[in-house]
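Welcome, and please open your viewer. We will go from one selection to the next, with a note on what to find at each stop.

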Amino acid sequence: MNFVRGRVLGREFILPFTAVYHLNLRCNSQCSWCSREEDMRLHHSGGVDITKVETILRAVRRLTPSLYIAGGEPTLEANVSEVLKLARNLGFWPIVLNTNGTLLDRRPEVVQLADRIIVSLHADTPAKQAAILRVNPALGQKVFDNLLWAARTTGRVAVNCVLTQDNIEDAHGVLAFCLAHNIPFAVVPAVVGYQPAIATASPDRIEAYRQFVGKVMEAKSQWPRAVVGTMSYLQKVQSLDGFDCRPSGIITISPEGKIVNPCSFKYREVPQTIGVANGHESIEVQLRRQLDFSATHTKCPGGNCLKMCYVGPAMALETPAQSIREFLS
Ligand SMILES: C[S@@+](CC[C@H](N)C(=O)[O-])C[C@H]1O[C@@H](n2cnc3c(N)ncnc32)[C@H](O)[C@@H]1O
Ligand code: SF4
Ligand code: SF4
C-alpha cells in the first residue's frame, strides 16, 4: 500500500511502518553529537508507569507491529523488562532495543526479551569509547564486556557505529571487532543540523570516510549478513547524496505518548506534537488530520539525514527489485 502511495501516486506521506518509542529522555552518557541532546536537556524525563506505557503501546500496535525502543538510555528505566514483556504480549514483532550498552549487565533479562539489541559502539578500545560517551573508562570497558556477553548469550545483537570525522580510524577497528565476533555491523554518519556532519569536513577526511564506507561495502559483498542495511543504503552513505525521504514512514512517540512531528525541518507548518497515543482516537486519524495525505512528494529542502531508517525505505521505493533481491540474499 505504501509502495502504491509513495512510488505510483508520488505522495508525500506514507503510513508508518515502524514506531520508535522513546522510553525516556535521560541518559548516563553525553555523546557530543547526540540527536536527542536538546530533548533531554529541555525535558530530562524518566519513563512513565507501566499502565500508561500499556495505553500508549496498545494505540501504537493498532498502527504497526514493528517497535523500536530507544531514548535517552532505555536501560536506565527499572521497568524496561516489563515494557518488553508487554510489547511481546501485545503482539509486536520485531521488538528492537537500542542501547549504549553500559548497563546491560544490570538488566541481563533485556537481552532475552528483545528480538534484537542494537549496541552503539563508535570506537575500538574501551578508553576511546568512554571518551566519546564522556563517561569513566570503567563504563567504556562495560560496553565491550556487555556486548560480547550479549552476543554469546543470544546472537541477536548488532552494533551501530556513528561516524564523524574524528573516529574513522577507530571505526575500522569496530568493523574488524564485529567481523571477528560475528556481530552484524551497522554504520551511520553522525547527523547534526539535519546534515551528515562529515559533509563539511576537509577533503582528506571525506576521502577517509568514503574509503571506510567502501570497506564496509566490500565486507557486505563477501558476507552479506555481516553488515546491516542494503548495498543501496551504503552507496548513499558513501556518496552523501540526497534521497527521496519520506519521514512519516517512521512514527516517533515520546515517553508520555506524544506523537512527534515526523520532521520538523521539512514540515515547519506542522505542530511539533501532532497528537497523543492515548487510545481515545486512533493515531492514524490524528496523523491524517495534521498531514495532508493527498499532497505530492517534494524534495527535502536542504536536509539529507542519511539515517538508515529513512534511507532504507526510500531506496525500497526507488529500486524495489534490487532491495527485495538484497533482502532475500
Ligand atoms: C539517541 S540514541 C538512544 C539509544 C542509546 N542511548 C544509544 O546511544 O544507543 C539512538 C541511536 O542513535 C544514534 N545517534 C545518536 N545521535 C546521532 C546522530 N547525531 N547521528 C546519527 N546517529 C545518532 C546512537 O548512536 C544510537 O545508536
Ligand atoms: S548514549 Fe545515546 S542517548 Fe546517550 S548521549 Fe549518547 S547517543 Fe545520546
Ligand atoms: S532528509 Fe530531510 S525530510 Fe528526511 S528526515 Fe532529514 S531533514 Fe527531514
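Some ground rules before we move on. This is a predicted model, in which local features need pLDDT of at least 70 and side-chain atom pairs count only at pLDDT 80 or more, while totals for chains, interfaces and linings use all residues. Residues are numbered from 1 along each chain as its sequence is written, and chains are lettered from A and ligands numbered from 1 in the order in which they are written.

**Stop 1: the two ligands**

Stay with ligand 1 and select Ser35, Ala70, Ser120, Asn160 and Val191, which come nearest of the 18 residues around ligand 1 (a residue is near a molecule if its C-beta atom, placed from the backbone, lies within 6 Å of it). The elements giving two or more residues to this shell are β3, β5 (157-163) and β7 (191-192). Helices (H or I, at least four residues) and strands (E, at least two) are DSSP runs, numbered from the N terminus.

**Stop 2: the parallel strands**

Which strand pairs with β1 (residues 18-22)? Select β2 (residues 67-70): the two pair in the parallel sense over 4 bridges (strands pair if DSSP finds at least two bridges between them). Tyr21 stands opposite Ile69 in β2.

Next, colour β3 (residues 95-99), which runs parallel to β2 and is joined to β2 by 3 bridges. Two bridge partners to pick out in β3 are Leu97 for Ile69 and Ile95 for Leu67. Trace the chain from β2 through helix α4 (residues 80-89) to β3, and you follow a right-handed β-α-β crossover; in that term, with the strands pointing away from the viewer, the path from the first strand over the helix to the second runs clockwise.

β3 also pairs with β4 (residues 116-120), in the parallel sense and over 4 bridges. There, Asn98 has Ile118 as its bridge partner in β4. β3 is mostly covered, with 4 of its 5 residues buried (buried means 20 or more other C-beta atoms within 10 Å of the residue's own, exposed 12 or fewer, and partly exposed in between, with C-beta atoms placed from the backbone).

**Stop 3**

Select helix α7 (residues 137-154), where the buried residues are Leu139, Gly140, Lys142, Val143, Asn146, Leu147, Ala150 and Ala151. They lie on the same side of α7 because they cover an arc of only 150° around the axis; the arc is that of the directions from the helix axis to the C-beta atoms. Turn to the other side of α7 to find Ala138 and Arg152 exposed.

In helix α10 (residues 231-239), pick Tyr233, Leu234, Lys236 and Val237, which are buried. Their arc of only 160° around the axis puts them on the same side of α10. Just after α10, Leu240 takes a positive phi of about 60°.

**Stop 3: a loop residue**

Finish at Thr296, in the loop between α11 (283-290) and α12 (308-318). Is Thr296 buried or exposed? Thr296 is exposed, with 9 other C-beta atoms within 10 Å.
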